[in-house]
Amino acid sequence: MKKLTVKQILKAINNYAIFFLVVAFAVTCCMLLFVSTLAETMGIVFNEENIASAAKVTFLNVLLLTFLFGTIDYVRRKMMVDRPVKIITGAAEKIMQGDFSVRIAPMRGSGMEGFNQIGTAINKMAEELSGTETLRTDFIANVSHELKTPLAVMGNYATMLQRPGLSEEEKNQYAKAISEAERRLAQLITNILKLNKLENQQIFPRTEEYDLSRQLCEALLQFEDAWEQKELQIETDIADDVYIRSDEELLSLVWSNLFSNAVKFTPAGGTIRVKLHTEGNSIVVSVSDTGCGIKPETGKHIFEKFYQGDTSHATQGNGLGLALVKRVMDILNGEIAVQSVWGKGSTFTVRLKR
């Protein structure tokens with residue numbers, strides 16, 4: 001059993017004294033009013049002896065009543081206040097120590113509604129923190145893996161370049177592999193920094209009116225060499241002179257990632273369709289491909305960091321592109337959705353306010 005400290009004992013005495021004075025004052029006033037009224041009605045005259053005796057009895061009654069009420073109030077506070085507070089503070093301390101599995105069970109009884117609301121909020125907070133901690137752990141593991149892969153490639157080919165008797169063709173091949181690994185590493189670090197700034201609200205949109213039709217065409221043409229190499233068919237239905245007031249640089253990041261994924265996941269000879277049209281006060285951009293598609297279980301996580309549903313293309317990306325796209329959409333108050341049929345292709349639809 002927990003021992004009471006001197007401070008707690010003094011506090012209990014102080015509370016009792018206050019309670020005693022309040023009850024004594026209330027009872028005394030009531031008794032005086034009652035006795036005075038009774039005396040006037042019945043014509044009774046009190047002498048000093050009767051008054052002194054009545055005062056002693058009244059004092060003892062008040063003392064007994066305050067002790068009784070004080071004990072009841074103490075038990076009530078222990079059951080109705082102190083116990084719930086102890087449960088809630090105990091759960092909060094565990095959460096502060098990193099234990100996000102703690103949950104507060106609903107408390108039964110009259111007057112527990114407020115504590116149950118606090119408990120529900122803490123349970124929700126613990127659940128959110130648990131998910132955040134899992135994402136943080138996965139993020140560190142994925143970053144470590146993504147950094148090690150290109151570094152290992154660069155190290156291996158650098159070692160091979162030091163071998164004597166290499167032909168010029170072999171040297172060029174190894175140097176090209178090192179350059180490609182360096183490009184992937186630089187892109188990974190750039191995307192991590194961009195995503196970090198976006199998630200921490202360090203990038204604020206700078207809105208200006210510009211031609212979205214032109215921007216889409218220019219972004220698509222950046223991948224001309226890639227689609228020609230795979231002999232992809234490009235079909236466009238881009239409305240002319242569609243102007244939007246938004247952040248041009250952030251939206252260019254969206255189009256680049258969507259076009260890059262479409263080219264990456266569409267097999268040779270496939271088709272990519274880009275469509276831009278207006279719907280009332282909204283602008284809708286859709287990017288479709290005839291690639292491998294997305295499985296339903298993969299679609300639920302497609303916008304999460306480092307998530308790659310198709311691991312056969314893992315060497316061509318780092319799983320950050322769609323996470324960047326989703327974050328940009330959130331900042332610009334836009335929407336992005338994906339519709340996909342496994343084995344037939346996917347369509348990403350972006351909806352923006354004009």
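## Salt bridges, sheet and packing in a predicted model

The side chains of Asp330 and Lys326 meet in a salt bridge, with 2.9 Å from N to O; a salt bridge here is a side-chain nitrogen of Lys or Arg within 4 Å of a carboxyl oxygen of Asp or Glu. The model is predicted, so local features need pLDDT of at least 70 and side-chain atom pairs count only at pLDDT 80 or more, while totals for chains, interfaces and linings use all residues. Residues are numbered from 1 along each chain as its sequence is written, and side-chain values use heavy atoms, with hydrogens and water left out.

### Helix 9

Asp330 and Lys326 both belong to helix 9 (residues 321–331) and sit four residues apart, about one turn of the helix. Helices (H or I, at least four residues) and strands (E, at least two) are DSSP runs, numbered from the N terminus. Asp330 is partly exposed at 36% relative accessibility, and Lys326 is partly exposed at 28%. For these classes, buried means under 20% relative accessible area, exposed over 50%, and partly exposed in between (1.4 Å probe, protein chains only).

Helix 9 as a whole is mostly covered, with nine of its 11 residues buried. The buried residues include Leu322, Leu324, Val325, Val328, Met329 and Ile331. Arg327 is also listed among the buried residues of helix 9. After the helix comes Asn333, which has a positive phi near 60°.

### Other salt bridges

The structure holds six salt bridges. Side chains of opposite charge can pair when their charged atoms come close.

| Pair | N to O distance |
|---|---|
| Asp330 and Lys326 | 2.9 Å |
| Glu235 and Arg273 | 2.9 Å |
| Arg206 and Glu249 | 3.4 Å |

Arg206 forms its salt bridge with Glu249. Because Arg206 lies in the loop between helix 4 and strand 1 (208–211) and Glu249 lies in helix 7, this pair ties together parts 43 residues apart in sequence. Arg206 is exposed at 61% relative accessibility, and Glu249 is exposed at 54%.

Glu235 forms a salt bridge with Arg273. Glu235 is in strand 2 and Arg273 in strand 4, so the pair ties together parts 38 residues apart in sequence. Glu235 is partly exposed at 30% relative accessibility, and Arg273 is partly exposed at 38%.

Salt bridges that share partners also join Arg214, Glu218 and Glu248 into one network.

### The sheet and its helices

Five strands form an open sheet in the order 2-4-5-7-6, with mixed pairing. Two strands count as paired if DSSP finds at least two bridges between them. Strand 2 (233–238) and strand 6 (335–341) stand at the edges; each has a single partner strand, so one side of each is left without a neighbour in the sheet. Neighbouring strands are turned by 10° against each other on average, direction ignored. Axes are lines fitted to C-alpha atoms, for helices over the stretch in contact, and angles run from 0 to 180 degrees between N-to-C directions.

Strands of a sheet pair through backbone hydrogen bonds, either parallel or antiparallel. Strand 2 and strand 4 (residues 271–279) pair in the parallel sense over six bridges. Glu235 has Arg273 of strand 4 as its bridge partner, and the side chains of Glu235 and Arg273 form the salt bridge described above.

Helix 5 (residues 212–221) lies across strand 2, strand 4 and strand 5 (282–289), and runs at about 170° to strand 2. Helix 7 (residues 248–265) lies across strand 4, strand 5, strand 6 and strand 7 (345–353), and runs at about 170° to strand 7. Contact in these cases means heavy atoms within 4.5 Å.

### Aromatic pair and cysteines

A search of the whole structure finds one aromatic pair. Tyr157 and Tyr174 form this tilted pair, at 5.5 Å centre to centre and 45° between the planes. Tyr157 is in helix 3 (residues 113–161) and Tyr174 in helix 4 (residues 168–199), 17 residues apart. Rings of Phe, Tyr and Trp (its six-membered ring) pair if their centres lie within 6.5 Å; planes under 30 degrees apart count as stacked, over 60 as edge-to-face and the rest as tilted. Tyr157 is partly exposed at 26% relative accessible area, whereas Tyr174 is buried at 8%.

The count of disulfides is zero, a disulfide being a pair of cysteine sulfur atoms within 2.5 Å. Cys217 is partly exposed at 36% relative accessibility, and Cys292 is partly exposed at 22%.
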